[in-house]
Structure formats: C-alpha cells, structure tokens
Amino acid sequence: MLLKKETHNIQSQLAEYCKTGIMVEIEGARQDRLHHYRRLTYNIVKEALGTAYPIAYKSLKENQWMQMVDEYYASHKMKTPLVWKMPFEFYEFCIEANYADKFGLPYLEDLLYFEWIEIEIHTMPDKVIPEFSEVGDLLEDKLVFTPEFELLSFDYPVHKFKGDELLDKKGNYFVLIFRKHDTGAVRFINLSSYFAVVLQLLIEERITFKEAIVKASTTFGVDYDKSIQHGLSFANDLIAQGFI
C-alpha cells in the first residue's frame, strides 16, 4: 500500500534532516532526540565508505575526505538500498564533483575506481565456467578463463604506489583483476601494454594464444619467437594464479 501523505511527509522530513543536519519541526517527534537518527545514519555511511576506500582514506587529508563524505551524504540522492553498492554511487558522485581537480590529486579517480572494482569483483554473483580440460596445448587450444574479472587501464599506477608518489607517474598502466574460483580471493596482476593487448585479443576475439601472440607481435613490431617464450611464461603464471 502507498503511504498516507502525512506519513510520507514525515519520513521525507526526517530523511532530509538526517542528510543535511538542518533542524526541522516534525509532528509527533521529540526534537531533542532527532540528532540520534542523524548520528546513526551518518555513521553507517561514513564507516561503509571508509571500509570501501581504505587507501583513498589514508591518502587524502582528513578535511578532504570528510568534505567528500559530507557533501555526498548531504546532497546525493542514493539509488540503491544495498550498503555494499553505495560506494559505487560515491565514486560516481566524486567524478561528477571533480574532486581530483579541486584537491590537485589527478590520480584520485583511478584510485577510487580501483578500490571499488575490487569490491565488485569480490561480491558479484558467480558466473558459469564453460567445460574445460586441464590437459591440452597451451598455444593451439582455446583457453578458458575464470569469468569474474576486469581488464583495467589507468593513467596512474594506483595498484603499485600511494599518495604523492603517484603525482609524477602519469602514463598508461594496465591491470588484470579477478576472483579466484577455488578460494574467492581477489587478485590483481600488473600487465605490460603488450600482454594487455594479448589478453584483450584472447578475451574479445576468442582466438588461440598463438594467434594472439602473432597479432600482438605484429602490432608492436617485436620478434615473434621471443614473444612466444615470454608469452608461455606469462600464460603459465596465469594458470598458477588461477585465471586460466
């Protein structure tokens, strides 16, 4: 059933007060107790965001982090009722508010997304893994990957450095992040641009590892035989880590 108009109004007033802290007169409520509702709801949001973004929290100055949290909580109309999904809306809010420029921290957007995607990969529902054999030809057979993964590109190496160490390291960085099928643990692997292309070819075109090496070697203008040697080492590492 739809709420009665007066009930809806009371809920809306209470919610707005909890978000902004601007006191309102709410019929039937004890005004001296309202601050407890704001304290409780605010603390849930603040603690959830601090848990979701521990590196960003430690990297920013306290007043910068609290500005982001306070402005998000006060002005953002949350879409999801799920606490674990809320940090993604926070990430979107921070992008739109352009805190990276405001704080002079050009790596901030990369860092927030990197921390969020770890949550998403960890929490996303299991996907079906196609039938596969553990015995075969690594070069000639089609490879099967753990399906809960993302291939990421960043302007700053937020997976390797923190804080001010990042400021002079703008470039092109690639990361594979995935969830291990046996343990559920989330892992990330730093990739060269070459192997990022190899993986992209394998994933998007569903070609063999040998075909991917041929294409990538042609694109980068590198020796095929040496690429095969390095490629097999790379592939065996992905097997050992549970991605292939």
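This is a predicted model: local features need pLDDT of at least 70, side-chain atom pairs count only at pLDDT 80 or more; totals for chains, interfaces and linings use all residues.

User: What share of the residues of the protein chain counts as buried?

Analyst: The protein chain exposes about 14,700 Å², of which carbon and sulfur atoms supply 54%. With buried taken as under 20% relative accessible area, the share among the 244 residues of the protein chain is 37%.

User: Is α8 roughly parallel or roughly perpendicular to α10?

Analyst: Two packed helices are described by the angle between their axes and the distance between the axes. Here the axes of α8, residues 193-205, and α10, residues 224-241, come within 12 Å and cross at roughly 70°. Because angles of 65 to 115 degrees count as roughly perpendicular, α8 is placed relative to α10 as roughly perpendicular.

User: How do the residues of the contact of α8 with α10 divide into nonpolar, polar and charged?

Analyst: The crossing of α8 and α10 is right-handed. On the α8 side the contact is made by Tyr-194, Phe-195 and Leu-199, and on the α10 side by Ser-227, His-230, Gly-231, Phe-234 and Leu-238. Sorted by type, the residues of this contact are five nonpolar, three polar and no charged.

User: Is Arg-179 buried or exposed?

Analyst: Arg-179 is found in strand β2, which spans residues 173-179. Leaving aside neighbours within four places in sequence, Arg-179 is in contact with residues including Asp-126, Glu-148, Met-124 and Val-186. Because its relative accessible area is 6% and the cut-off for this class is under 20%, Arg-179 counts as buried.

User: Which residues does His-76 touch, not counting those up to four places away in sequence?

Analyst: The place of His-76 is in the loop between α4 (62-75) and α5 (86-97). At 12% relative accessibility, His-76 counts as buried. Not counting residues up to four places away in sequence, the residues that His-76 touches are Lys-19, Glu-71, Glu-89 and Phe-93.

Notes:
Residues are numbered from 1 along each chain as its sequence is written. Side-chain values use heavy atoms; hydrogens and water are left out. Axes are lines fitted to C-alpha atoms, for helices over the stretch in contact, and angles run from 0 to 180 degrees between N-to-C directions. Helices (H or I, at least four residues) and strands (E, at least two) are DSSP runs, numbered from the N terminus. Angles under 35 degrees count as roughly parallel, over 145 as roughly antiparallel, 65 to 115 as roughly perpendicular and the rest as oblique. A crossing is left-handed if the near helix is turned anticlockwise from the far one by less than a right angle, and right-handed if clockwise. Contact means heavy atoms within 4.5 Å. Ala, Val, Leu, Ile, Met, Phe, Trp, Tyr, Cys and Pro count as nonpolar, Asp, Glu, Lys and Arg as charged, and the others, Gly among them, as polar. Buried means under 20% relative accessible area, exposed over 50%, partly exposed in between (1.4 Å probe, protein chains only). Accessible areas come from the Shrake-Rupley method with a 1.4 Å probe; for residues, only the protein chains shown count as cover.
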